[in-house]
Amino acid sequence: MPLFSQALPSRGRGALRMAAGVLALSALALTAGCGSSDGPGDNPGAAASAPAGFPVTIDNCGVKTTYKRPPARVVTIHQHPAELMLALGLGDRMVGTAYPDSSVLPELRKAYEAVPELAEEEPSFETVLDAEPDLVYGGYGSAFGEKEGRSRKAFADAGIDTYLNREYCGKKQVTMEDTYAEIRTIGSIFGVSGRADSLVSDLKGRVGKAASAVDGEADVPVFVYDSGDKSAFTAGGKSLGTELLRLAGGRNVFADLDDVFGDVSWEQVVERRPEAIAIYDYAGSGSVEQKKKYLLSQPALADVPAIRNKRFVVLPLTATLVGIRSAYAVGDLARGLHPESFR
């Protein structure tokens, strides 16, 4: 993607080729992994029975799927679904990832690198099928782009289940509650609800700690800069980024923009006088340093307090999406906007 593009990066042969014997062994291994107390030696019908807590039926963006047992071979398209899976300890179920946006969380990097990367961007339908998944988990709506042949129907016709991050279900308003709900839903699909609850508790603790540290501080007016030159592509009031800023002691100066993202004029940026600029960092949009250089070089912005004081905070795009990174982002933003509260 060229620097300062006006949109976010694109953000999907038959039945699976697995012998019946391999399927049966996989099913037994998954049943044991999910804590089932029944063993095939004690119960001859155990191999055919559903693990404890299954079947599970999920209505995801209008697509209803019943999982008779946890998925065993998963392809994630986009980085935030992959990180969520890994944070739930499901790396052994992953057979492929695609389209990394930014650096992976350090504690997940080793596990992430152990999963084959199918493509630097969105893989073709055939590439996904070659990995023989039983579930494809997409992060952006474009994971299941119909024009690219990766529609959810196409996967269903091939006998493969799909799940799309709830941020792209058309709700239009995204909050931290969506993050927690996403984690719990994936926990249900994989039979690891206990892990999901623990992860949600940990993330809520991170958010609460950061929010408490800046409680009582004056909100810092922040302009979110994603990309753009003729106009600025920014986060609107319905974006998760707006809530992250609020929790971190900031205020999105374009919170009145009635959308998740949108274009605004540079004259509007000047008028709203942000005291800090949050730069979204992701592959293909130009480096953070290029974005800073561009903003600092514009004469029209010279009197904007954030530009005059060279006050920037940087967030990987993955930290502003429905996934585990959003909770980390609150702490990072709070430290950037109110460093005195963390000394």
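Which residues form one aromatic cluster? Select Phe-223, Tyr-225, Phe-254, Trp-266 and Tyr-294, and you have it on screen.

Before going further, some ground rules. This is a predicted model, in which local features need pLDDT of at least 70 and side-chain atom pairs count only at pLDDT 80 or more, while totals for chains, interfaces and linings use all residues. Residues are numbered from 1 along each chain as its sequence is written, and side-chain values use heavy atoms, with hydrogens and water left out.

**Stop 1: the aromatic cluster**

A pair of aromatic rings is described by the distance of the centres and the angle of the planes. Rings of Phe, Tyr and Trp (for Trp, its six-membered ring) pair if their centres lie within 6.5 Å; planes under 30 degrees apart count as stacked, over 60 as edge-to-face and the rest as tilted. The structure holds 11 such pairs. Take Phe-223 and Tyr-225: their ring centres are 6.1 Å apart and the planes stand at 40°, so this pair is tilted.

Phe-223 belongs to strand 8 (residues 220–225) and Trp-266 to helix 9 (residues 266–272), so the pair ties together parts 43 residues apart in sequence. Helices (H or I, at least four residues) and strands (E, at least two) are DSSP runs, numbered from the N terminus.

Phe-223 is buried at 1%, Tyr-225 is buried at 0% and Trp-266 is buried at 12%.

**Stop 2: a serine in a loop**

Select Ser-285, in the loop between strand 12 (276–281) and helix 10 (288–296). Ser-285 is buried, with a relative accessible area of 0%. What does its side chain make a polar contact with? Show the side chain of Lys-291, 3.0 Å away. A polar contact is a pair of N or O atoms within 3.5 Å; within protein, one must be able to donate a hydrogen and the other to accept it, and residues adjacent in sequence count only if both atoms are side-chain atoms. Also show the backbone oxygen of Tyr-282, which lies 3.0 Å from a polar atom of the Ser-285 side chain.

**Stop 3: the disulfide**

Next, pick Cys-61 and Cys-169. They form a disulfide, with their sulfur atoms 1.7 Å apart. A disulfide is a pair of cysteine sulfur atoms within 2.5 Å, and by this rule the count comes to 1. The link of Cys-61 and Cys-169 is left-handed, with -65° about the S-S bond.

Cys-61 sits in the loop between strand 1 (56–60) and strand 2 (63–67), and Cys-169 in the loop between strand 7 (161–164) and helix 6 (176–189), so the pair ties together parts 108 residues apart in sequence.

**Stop 4: helix 2**

Colour residues 79–87. This is helix 2, mostly covered, with 8 of its 9 residues buried. Its buried residues pack against strand 3 (74–77), strand 4 (94–98), helix 3 (106–113), strand 6 (135–138), helix 6 and helix 12 (325–337).

**Stop 5: charged side chains**

Side chains of opposite charge can pair when their charged atoms come close. A salt bridge is a side-chain nitrogen of Lys or Arg within 4 Å of a carboxyl oxygen of Asp or Glu. How many salt bridges does a search of the whole structure find? It finds 11.

- Arg-150 and Glu-122 meet in a salt bridge (3.4 Å, N to O), and Arg-150 is buried at 3%.
- Asp-258 and Lys-238 form a salt bridge, with their closest N and O atoms 3.3 Å apart. Asp-258 is exposed at 60%, whereas Lys-238 is partly exposed at 24%.
- Glu-243 and Arg-246 meet in a salt bridge (3.3 Å, N to O). They are 3 residues apart in helix 8, so about one helical turn separates them.

Key
Buried means under 20% relative accessible area, exposed over 50%, partly exposed in between (1.4 Å probe, protein chains only). Contact means heavy atoms within 4.5 Å.
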